[in-house]
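Me: I am new to this structure. Please take me through the terms used for it, one value at a time.

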Amino acid sequence: QDLIHCIAVNHFVYVNINMRELVSLHVGQAGVQIGASAWELYCLEHGILPNGQLPPDETMDGTGSFNTFFRETDAGRYVPRAVYVDLEPNVVDSLVKQGPYKDMYHPDQMVTGSDGDAANNYARGHYTIGKELLDRVMDQVRKISDFCEGLQGFLVFHSTGGGTGSGFGSLLLENLTVDFPKKVKMAFSITPSPQLSSAVVEPYNSVLSTHSLLEHTDLTFSLDNDALYNVCNKALGVETPTYKNLNRLVAQVVSSLTASLRFPGTLNVDMNDFPTTLVPYPRIHFLTTSYAPLVTADKAFHEKMTVNDLTTAVLSDPNNFMTKCDVRRGKYMSCCVVYRGDVTPAEVNAAMNKARSWCHFVDWCPTGFKCGINSQAPTVIPDGDMAKVKRAVCMVANNTAIAETLTTIDHKFDLMYAKRAFVHWYVGEGMEEGEFAEAREDLAALEMDYEEIGKDYSEVAEEH
């Protein structure tokens, strides 16, 4: 239960909801790019201008909804609770320091190296160049955390295929586990796509990074560029999507998952609810994500988007998923569906009852749905691809089909590691070759775990 403090002043009652803050950590090029799109959306949702101030003659509502992501200064500015980290300065300089929202950030919140980037090498991000930046980054994280009254946890944005996102991302998560062991750590990880690749050594970086995510995060939202391209291309009709198009999709997902912390609703989902609801076993915390409606402005007027239609879309339509795996071939273990906008509990119950009849769950978890309902309709970015709609739904689920993505990357890893190709670049940065084998064995065990979990009781009984 939230603690609600009522303060009577001049016969008015102001309601101040107990603070529940989140700190966002944007690591590497992918993390920084997602961050630029996410903070653009948060500002629009809370009515904050690019300079961190409110428009003239406007005041914040009395609920303190902005506190989840922003800290109000004595000068009346709203500063993001975020840290941007990259081992080379170009991306942070162009997108954040020189971007439209440059006046909003505290200069110390942008930490960049000057000795060159991670060169797509996990070991450079984790052992050599990354280690030099670690103290500066952790100092900023502690400073921002000290300004929080009720810190809920950390959102880490990174890619597992690059050098900084994988190497430094892992190093940062390890240190967060030591310094903040009781706080929820959620990673939004851009995982390598089955078809698209940005670096030859992606499989190495991804396997090493996933090994760390297994140990040091409570939840990992797996997103991949291939699936995001597919969504932009097929659902939104963008012929040649840019990273900005993809990142704005990710921003909508993060916004929906955190809406209950920021805006009033009839059925709220707390950050601590996600791990409790979605993670049946500590290692099984890699989640698929989908969002609906994904429609352009010219189509929105011609479509009837009922709660039932949206629920069906997020649970079964491949074009709405942001992870390249077919959930229809897997089984759901648990599922969290967050509704926004003009939605009533009666409509949600009716949609859930219908979904239960065809949604394929493991037999040991027959009631695997959790719902959240928030009254704040989704905000759209003015020049964005998506239409403004009255209601939307975001789903995150633990589905055995996610093992497909692990199998694909493990296979690519095996092909390269059998010849020890490129391994010397990692060993030369101070990494031991045994770490490759250790990480690969850990992921092989994870694949086996997913296979075991997907079995029905009858199959397990026959084996024994």
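**Values against definitions**

Reply: Tyr 204 and Tyr 426 are both buried. Buried means under 20% relative accessible area, exposed means over 50%, and partly exposed lies in between, with a 1.4 Å probe and protein chains only. This is a predicted model, in which local features need pLDDT of at least 70 and side-chain atom pairs pLDDT 80 or more, while totals for chains, interfaces and linings use all residues. Residues are numbered from 1 along each chain as its sequence is written, and side-chain values use heavy atoms, without hydrogens and water.

Me: Why is the pair of Tyr 204 and Tyr 426 called edge-to-face?

Reply: Rings of Phe, Tyr and Trp (its six-membered ring) pair if their centres lie within 6.5 Å; planes under 30 degrees apart are stacked, over 60 edge-to-face, and the rest tilted. Here the centres are 5.7 Å apart and the planes stand at 85°, so the pair is edge-to-face. Tyr 204 sits in helix α6 (residues 202-216) and Tyr 426 in helix α14, 222 residues apart. Helices are DSSP runs of H or I with at least four residues, strands are runs of E with at least two, and both are numbered from the N terminus.

Me: What makes the pair of Phe 413 and Phe 436 tilted?

Reply: The angle of their planes is 40°, with the ring centres 6.3 Å apart, so this pair counts as tilted. Phe 413 belongs to helix α13 and Phe 436 to helix α15, so the pair ties together parts 23 residues apart in sequence.

Me: How do you know whether Phe 413 is buried or exposed?

Reply: Its relative accessible area is 1%, so Phe 413 is buried. Phe 436 has 0% and is buried too. The structure holds 20 aromatic pairs.

Me: Why is the contact of Arg 20 with Asp 270 called a salt bridge?

Reply: A salt bridge is a side-chain nitrogen of Lys or Arg within 4 Å of a carboxyl oxygen of Asp or Glu. The closest N and O atoms of Arg 20 and Asp 270 are 2.7 Å apart, so the pair meets the rule. Arg 20 lies in the loop between β2 (12-17) and β3 (21-27), and Asp 270 in the loop between α8 (243-262) and α9 (273-278), 250 residues apart. Arg 20 is buried at 13% relative accessible area. Asp 270, at 15%, counts as buried as well. By this rule there are 19 salt bridges.

Me: What makes Arg 329 exposed?

Reply: Its relative accessible area is 63%, so it counts as exposed. Arg 329 forms a salt bridge with Glu 404, with the closest N and O atoms 3.3 Å apart. Arg 329 lies in the loop between α11 (307-316) and β12 (332-341), and Glu 404 in helix α13 (residues 403-417), so the pair ties together parts 75 residues apart in sequence. Glu 404 is partly exposed, at 25%. Asp 326 and Arg 328 join Arg 329 and Glu 404 in a network of salt bridges.

Me: Which residues touch the most other members of the largest nonpolar core?

Reply: Trp 39, Phe 70, Leu 249, Leu 257 and Phe 274 do, in a core of 63 residues. A nonpolar core is a set of buried Ala, Val, Leu, Ile, Met, Phe, Trp, Tyr and Cys residues joined through side-chain atoms within 4.5 Å. A second, separate core has 54 residues, including Val 23 and Phe 286.

Me: How do you know that the radius of gyration agrees with a compact globule?

Reply: The radius is taken over C-alpha atoms, and the globule rule is 2.2 Å times the number of residues to the power 0.38. For 464 residues a compact globule would have a value near 23 Å; the protein has 22 Å, which agrees. Buried residues make up 58% of the 464. The secondary structure comes to 16 helices and 14 strands.
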